[in-house]
Amino acid sequence: MITVDASPFAYTFPPDKVALIVIDMQRDFVEPGGFGDTLGNDVSRLQAILPGVAGLLKVFRDNGWPVIHTREGHRPDLSDCPPAKRLRGSPTLRIGDKGPMGRILIHGEPGHGIVDALAPIAGEYVLDKPGKGAFYATDLGTILEGLGTTHLVFAGVTTEVCVQTTMREANDRGFDNLLIEDATESYFPEFKDAAMAMIRAQGAIVGWTAPLAALAAAVA
Ligand code: TIU
């Protein structure tokens, strides 16, 4: 067992039953002209975690532990995009509209891809998801069952939307969840802080949080 100095108390995981889930580190969220930008967000905030996510990937790759990358997006005909999602709010471009990185949040478009710095490597899973949670309308549960995973480490964007939603889905399915604090980010710093506080509250009601350095020290 490996024990990480985490909050609200130590997080212990069996190294043969852990997997990393990197949520939606796509150009559409991190780079100008994508989905996050069309919603009116300052996407530069999210670029700050690229080194943290890269460092976390290195820990998992060096140990040969499973890595799952997710991508939020939809089919070109939008058949898996609920109209309520597409029509919500007043973005400058809607899902499926043509932007500078191709059609917004559509499979196969440049904006839908994972940023080059965090590109998946051979043997890693890449999971397309139509919703905010990575278990909804995907085979993530089947993949994790096949791997024998009981403990999940989380990174990615945004903390309070797709990361927190997926952690809550995982929590209800019986996984023990650790969120790496400097490998996740929000367009709103106060929402990142609040999401992490909610996750840790009430005796790790949803999971634990820890800095990357704490995980790296525990694994070394
Ligand atoms: N808008 C926002 O904060 N997030 C999303 O729409 N998707 C993810 O969090 N990936």
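**A tour of the predicted model**

Begin by selecting residues 19–206, which UniProt lists, in an unreviewed entry, as "domain: Isochorismatase-like". The model is a predicted one. Over residues 19–206 the chain is 37% helix and 20% strand, and 17 Å separates the end C-alpha atoms.

Select Asp-24, Phe-29, Leu-39, Glu-72, Lys-132, Val-157, Thr-158, Val-161, Cys-162 and Tyr-187, the residues around the ligand. This shell divides into 6 nonpolar, 1 polar and 3 charged residues.

Stay with two members of that shell, Val-157 and Thr-158. The peptide bond joining Val-157 and Thr-158 is cis, with omega about -20°. Thr-158 sits in the loop between β8 (151–157) and α7 (159–172).

Another cis peptide bond can be found by selecting Ser-7 and Pro-8, where omega is about 5°. Pro-8 belongs to the loop between β1 (2–4) and β2 (11–13).

Finish with helix α4 (residues 50–63) and helix α9 (residues 212–219), whose axes lie 10 Å apart at an angle of about 15°. The two helices are therefore roughly parallel to each other, and their crossing is left-handed. To see the contact, select Gly-52, Gly-55, Leu-56, Val-59 and Asn-63 in α4 together with Leu-212, Leu-215, Ala-216 and Val-219 in α9. The contact residues comprise 6 nonpolar, 3 polar and no charged.

Conventions
Residues are numbered from 1 along each chain as its sequence is written. This is a predicted model: local features need pLDDT of at least 70, side-chain atom pairs count only at pLDDT 80 or more; totals for chains, interfaces and linings use all residues. Axes are lines fitted to C-alpha atoms, for helices over the stretch in contact, and angles run from 0 to 180 degrees between N-to-C directions. Helices (H or I, at least four residues) and strands (E, at least two) are DSSP runs, numbered from the N terminus. Angles under 35 degrees count as roughly parallel, over 145 as roughly antiparallel, 65 to 115 as roughly perpendicular and the rest as oblique. A crossing is left-handed if the near helix is turned anticlockwise from the far one by less than a right angle, and right-handed if clockwise. Two residues are in contact if their C-beta atoms, placed from the backbone, lie within 7 Å. Ala, Val, Leu, Ile, Met, Phe, Trp, Tyr, Cys and Pro count as nonpolar, Asp, Glu, Lys and Arg as charged, and the others, Gly among them, as polar. A residue is near a molecule or strand if its C-beta atom, placed from the backbone, lies within 6 Å of it. UniProt positions are given in the numbering used here, feature names are shortened, and annotations may be inferred rather than shown by experiment.
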